Amino acid sequence: MTYISYNHMHKLCQQSAIKLREANKMPDIIVAISGGGLIPARMLRTFLKKENGGKNIPIQAIGLSLYEDLGNDDFKQVIGKQVVKTQWLDLNIINERFGTLLGKKILIVDEVDDTRTTLAYALEELEKEVDIAKTTQNSDKETEFSIFVLYNKMKPKKKDLPDYIMNQGRYIVASDVEDSWLCFPYDSTDIDLHTQRATEQGNI
Ligand SMILES: O=P(O)(O)OC[C@H]1O[C@H](OP(=O)(O)OP(=O)(O)O)[C@H](O)[C@@H]1O
């Protein structure tokens, strides 16, 4: 098990904000995948603001949850894992506030890329929103998606991200980690013990 401290997440966000600016990937809008993506998104915003000349970058949240479908058939214990939307963008508010999604740089943020199922789903669904906006607004303006994760587990993935994400510097990872169980501080019921374990493992 790998114990992660708040400090570790915070410092990775600090380093990553610099990387994002240097790679010209400063977003117009952050889309955080709730729940785990909310925390790095907020930490990152602090440092992106610094890199962005003091201008805050808005965070929108989407809720995605991995749902293990156990099915009803006694012989099939686990059919597979699918993603369930628990919250989605309010496009009325986005359009009112930002004009449109089109032409924007959008950074999708999550805390961990495990099987990549959630990220692939998030991107696909957000791309659908862009396609709808292009049709309704009669525009061919592109929206530039990038993805930021704090921890990428180095393991075979169940889903792929498109080449335009992987090959154009649009998949930004703060830390590549071994495939072990990651214990995040917000899941802990004893934060002092948790932080002590994270410190012993050097994740501080
Ligand atoms: O790469 P994957 O295999 O798709 O897994 C990664 C996802 O799993 C966790 O979310 P979870 O569904 O557990 O919800 P939570 O963020 O609310 O804890 C995590 O926050 C990622 O979004």
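Hi everyone. Let me start with how residues are sorted here: Ala, Val, Leu, Ile, Met, Phe, Trp, Tyr, Cys and Pro count as nonpolar, Asp, Glu, Lys and Arg count as charged, and the others, with Gly among them, count as polar. Please also keep in mind that this is a predicted model.

With that sorting in hand, let's visit the ligand. The shell around the ligand has two nonpolar residues, six polar ones and five charged ones. Which residues come nearest? Of the 13 residues around the ligand, those are Asp110, Glu111, Asp114, Thr115 and Thr118.

Where does the shell come from? Strand 3, residues 59-69, strand 5, residues 105-113, and helix 4, residues 117-136, each supply at least two of its residues. Strand 5 gives the most, with four residues.

Now let's look at some individual contacts. A polar atom in the side chain of Thr115 sits 2.4 Å from an oxygen atom of the ligand. For Glu111, an N or O atom of the side chain is 2.7 Å from a ligand oxygen. Leu66 takes part through its backbone: a polar atom there is 2.9 Å from an oxygen of the ligand. And how much of the ligand is buried by the protein? The ligand exposes 500 Å² when taken alone, and the protein buries 75% of that. The space that the ligand takes up is the largest pocket.

Next, salt bridges. Side chains of opposite charge can pair when their charged atoms come close. This structure holds 10 salt bridges. One of them joins the side chains of Lys85 and Glu125, at 3.0 Å from N to O. Lys85 belongs to strand 4, residues 80-87, while Glu125 belongs to helix 4, so this pair ties together parts that lie 40 residues apart in sequence.

Let's move on to helix 3, residues 91-98, and look at both of its ends. After helix 3 comes Gly99, which has a positive phi, near 85°.

Ser34 and Gly35 are joined by a cis peptide bond, with omega at about -5°.

Terms used:
Residues are numbered from 1 along each chain as its sequence is written. This is a predicted model: local features need pLDDT of at least 70, side-chain atom pairs count only at pLDDT 80 or more; totals for chains, interfaces and linings use all residues. Side-chain values use heavy atoms; hydrogens and water are left out. A residue is near a molecule or strand if one of its heavy atoms lies within 4 Å of it. A polar contact is a pair of N or O atoms within 3.5 Å; within protein, one must be able to donate a hydrogen and the other to accept it, and residues adjacent in sequence count only if both atoms are side-chain atoms. Accessible areas come from the Shrake-Rupley method with a 1.4 Å probe; for residues, only the protein chains shown count as cover. On a 1 Å grid over the protein atoms alone, a cavity is a set of points where a 1.4 Å probe fits but cannot get out, and a pocket is an open set with protein on both sides within 12 Å along at least five of seven lines; lining residues have an atom within 4 Å of a point. A molecule sits in a cavity or pocket if more than half of its atoms lie within 2 Å of its grid points. A salt bridge is a side-chain nitrogen of Lys or Arg within 4 Å of a carboxyl oxygen of Asp or Glu.
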